[in-house]
Amino acid sequence: MTDCIFCKIIKGEIHSTHVYRDEQVTAIRDINPAAPTHILILPNRHIDSVNMLTNEDEQLIGHLFTTAKQLAALEGIADGGYRLIMNTGADAGQTIFHVHLHLLGGAPM
């Protein structure tokens, strides 16, 4: 999508603080963090929402979660605990329609 802010970040057209990147996902720091650690893990391929996922996306979505686990360890929040959130649709609070996983931690929730 040409107007998706996350697609532009992934392509390097918009600056963000990158934490991790591989062939499937890009992880960035949230610009409005809700916790001391707040990282967004984005698939590099545009998918509007969970409602648009297909069976072929299972490996990719699993990779989002294993990436979150790795980043939690790197950020030093794995042992204390962390929260993973994926909003789907406007009523759930999804404001950018590109699937993404929130990794939050670093303080009691």
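The structure shown is a predicted model, in which local features need pLDDT of at least 70 and side-chain atom pairs count only at pLDDT 80 or more, while totals for chains, interfaces and linings use all residues. Residues are numbered from 1 along each chain as its sequence is written, and side-chain values use heavy atoms, with hydrogens and water left out.

**View 1. Strands β1 and β2 are joined by a hairpin.** Strand β1 covers residues 18-21 and strand β2 covers residues 25-29, and the two pair in the antiparallel sense over three bridges. The hairpin that leads from β1 to β2 passes through three residues. Within this pairing, Arg-21 stands opposite Thr-26 of β2.

**View 2. Strand β5 pairs with both β3 and β4.** Five bridges join β5 to β3, and these two strands run antiparallel; here Ile-41 is found opposite Leu-101 of β5. Between β4 and β5 there are four bridges, again in the antiparallel sense, and Arg-83 has Leu-104 of β5 as its bridge partner. Five of the five residues of β5 are buried, where buried means under 20% relative accessible area, exposed means over 50%, and partly exposed lies in between (1.4 Å probe, protein chains only). In a regular strand the side chains alternate between the two faces of the sheet. In β5, Leu-101, Leu-103 and Gly-105 point one way, whereas His-102 and Leu-104 point the other way.

**View 3. Helix α2 packs its buried residues against strands.** The helix α2 has 18 residues and reaches 26 Å from its first C-alpha to its last, which is close to the 26 Å expected at 1.5 Å a residue; the expected span is taken as 1.5 Å times one less than the number of residues in the helix. Its buried residues are Leu-60, Ile-61, His-63, Leu-64, Thr-67, Ala-68, Leu-71 and Ala-72, and the strands that the buried residues pack against are β1, β2, β3, β4 and β5. Just after α2, Gly-76 takes a positive phi of about 80°.

View 4. Thr-67 counts as buried because its relative accessible area is 1%, and Ala-68 counts as buried because its relative accessibility is 0%. If residues up to four places away in sequence are not counted, Thr-67 touches Tyr-20, Val-25 and Ile-41, where contact means heavy atoms within 4.5 Å. With the same exclusion of residues up to four places away, Ala-68 touches Ile-41, Leu-84, Leu-101 and Leu-103. The C-alpha atoms of Ala-68 and Tyr-82, which are 14 residues apart along the chain, are separated by 9.6 Å.

**View 5. Two salt bridges are counted in the model.** A salt bridge is a side-chain nitrogen of Lys or Arg within 4 Å of a carboxyl oxygen of Asp or Glu. In one of them, the side chains of Arg-29 and Glu-75 meet at 2.7 Å, N to O. Arg-29 lies in strand β2 and Glu-75 in helix α2, so this pair ties together parts that are 46 residues apart in sequence. Arg-29 is partly exposed, at 32% relative accessibility, and Glu-75 is also partly exposed, with a relative accessible area of 26%. Asp-57 and Arg-45 also form a salt bridge through their side chains, at 2.4 Å, N to O. Both Asp-57 and Arg-45 lie in the loop between β3 and α2, so the pair ties together parts that are 12 residues apart in sequence. Asp-57 is buried, with a relative accessible area of 5%, whereas Arg-45 is partly exposed, at 45% relative accessibility.

**View 6. Phe-65, Tyr-82 and Leu-84 form a nonpolar patch on the surface.** Together these residues have about 230 Å² of accessible area, a quantity that comes from the Shrake-Rupley method with a 1.4 Å probe, and for residues only the protein chains shown count as cover. Patches are made of residues with over 30% relative accessible area and no salt bridge, with like charges joined within 9 Å and nonpolar side chains (Val, Leu, Ile, Met, Phe, Trp, Tyr) joined within 5 Å. Leu-84 lies in strand β4, residues 82-85, and is partly exposed, at 31% relative accessibility.

**View 7. Gly-80 is found in the loop between α2 and β4.** Gly-80 counts as exposed because its relative accessible area is 77%. Its C-alpha atom and that of Ala-107, which is 27 residues away along the chain, are separated by 8.4 Å.

Note on methods
Two strands pair if DSSP finds at least two bridges between them.
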